[in-house]
Amino acid sequence: MSLTLEEISYQYESDKGAVYHNYLSIYEKYFDKYRNTLTNFLEIGLWKGDSIMMWREYFESGNLIGADILDLSHIQLPDTQMFVCDQSSRTDLEELVNKTYTNYDIIIDDGGHMMHQQQITLATMFKYLSPDGVFVIEDLHTCGNPSYTRAGDTETLNMLYTFIETGKVVSNCMTANEIAYLEKTMDTVTIEKGNVSEIAFITKKKK
Ligand SMILES: C[S@@+](CC[C@H](N)C(=O)[O-])C[C@H]1O[C@@H](n2cnc3c(N)ncnc32)[C@H](O)[C@@H]1O
């Protein structure tokens with residue numbers, strides 16, 4: 001029988017597990033359907049590589065892409081590639097897509113956790129999420145923390161709750177075209193709670 005994500009996490013000491021964030025049983029609700037069918041997956045924010053190693057063991061198919069402002073190319077895993085990319089730069093994100101895929105089933109933002117980084121990444125990358133795909137923003141407890149917010153920036157949790165309540169996207173970090181695309185294609189936004197933080201799961205409409 002296959003190991004659960006939580007069981008897999010023990011050997012990689014990922015802080016996504018019950019030892020800290022306790023995100024993994026939540027992740028399984030959204031990712032189980034992709035376990036054997038995954039095509040392309042992107043995680044932004046790799047740190048020592050614990051999570052990408054865990055994902056590689058969990059998904060039995062598919063290509064994994066890891067991106068970080070740091071060079072983690074020394075991490076070698078089957079069907080997995082690492083890229084240097086600054087998620088606050090639309091140019092870097094578009095270059096990443098040019099070098100990899102335009103159709104991701106799953107995109108996880110576990111990068112710098114600053115408001116503008118989260119919103120620029122969502123605005124730039126959502127068009128590369130496949131229909132019915134899942135876009136995840138981790139560690140939303142950074143919202144409201146001045147260290148993670150440039151003066152005047154929209155808080156990501158407020159932006160997501162506004163979408164849940166009104167279907168509108170309000171963000172000072174996005175262009176009008178980006179907002180229009182998100183409003184047209186975002187389906188559900190679910191804010192889940194881990195041990196120390198909220199985590200958002202945003203699904204894309206099927207058509
Ligand atoms: C929370 S750690 C990632 C942890 C990893 N996903 C795990 O679960 O083991 C955050 C990572 O985001 C990266 N990071 C910070 N700012 C970034 C940026 N602007 N663009 C891309 N990655 C960034 C950091 O270098 C760090 O490796």
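Here are some notes on helix packing, the ligand shell and a few individual residues in this predicted model.

1. Helix H1 covers residues 5-12 and helix H2 covers residues 24-31. Their axes are 9 Å apart and meet at an angle of about 125°, which makes H1 oblique to H2. If you want the handedness, the crossing of H1 and H2 is right-handed.

2. Who does the touching there? From H1 you have Leu5, Glu6 and Ser9, and they meet Leu24, Ser25, Tyr27 and Glu28 of H2. Sorted by class, that contact of H1 with H2 comes out as three nonpolar, two polar and two charged residues.

3. Next, the pair formed by helix H4 (residues 90-99) and helix H5 (residues 115-125). These pack at an angle of about 40° with their axes 10 Å apart, so H4 and H5 are oblique to each other. H4 passes H5 in a right-handed crossing. On the H4 side the contact uses Arg90, Leu93 and Glu94, and on the H5 side Ile120, Thr121, Thr124 and Met125. The class breakdown for H4 with H5 is three nonpolar, two polar and two charged residues.

4. Now the ligand. There are 19 residues around the ligand, and the ones that come nearest are Gly45, Trp47, Ser51, Gln87 and Gly112. The whole shell divides into six nonpolar, eight polar and five charged residues.

5. Trp47 sits in the loop between strand S1 (40-44) and helix H3 (50-58). Its phi is positive, about 50°, even though Trp47 is not a glycine. As background, most residues other than glycine have a negative phi.

6. Look for Asp139 in the loop between strand S5 (129-137) and H6. Asp139 counts as buried, because 21 other C-beta atoms lie within 10 Å and the cut-off for buried is 20 or more.

7. Moving along to H6 itself, residues 156-166, you'll find Phe163 there. Phe163 is buried, with 20 other C-beta atoms within 10 Å. Setting aside residues up to four places away in sequence, Phe163 touches Lys168, Val169, Met186 and Val189. If you're wondering about Cys85, that residue is 78 residues from Phe163 in sequence, and the two C-alpha atoms are 28 Å apart in space.

8. Last one: Ile191, in strand S6 (residues 186-193). Ile191 is partly exposed, given that 15 other C-beta atoms lie within 10 Å. Which residues does Ile191 contact, leaving aside its neighbours within four places in sequence? Those are Leu160, Glu198 and Ala200. Ser171, for its part, is 20 residues from Ile191 in sequence and 18 Å away in space, C-alpha to C-alpha.

Key. Residues are numbered from 1 along each chain as its sequence is written. This is a predicted model: local features need pLDDT of at least 70, side-chain atom pairs count only at pLDDT 80 or more; totals for chains, interfaces and linings use all residues. Axes are lines fitted to C-alpha atoms, for helices over the stretch in contact, and angles run from 0 to 180 degrees between N-to-C directions. Helices (H or I, at least four residues) and strands (E, at least two) are DSSP runs, numbered from the N terminus. Angles under 35 degrees count as roughly parallel, over 145 as roughly antiparallel, 65 to 115 as roughly perpendicular and the rest as oblique. A crossing is left-handed if the near helix is turned anticlockwise from the far one by less than a right angle, and right-handed if clockwise. Two residues are in contact if their C-beta atoms, placed from the backbone, lie within 7 Å. Ala, Val, Leu, Ile, Met, Phe, Trp, Tyr, Cys and Pro count as nonpolar, Asp, Glu, Lys and Arg as charged, and the others, Gly among them, as polar. A residue is near a molecule or strand if its C-beta atom, placed from the backbone, lies within 6 Å of it. A residue is buried if 20 or more other C-beta atoms lie within 10 Å of its own, exposed if 12 or fewer, and partly exposed in between; C-beta atoms are placed from the backbone.
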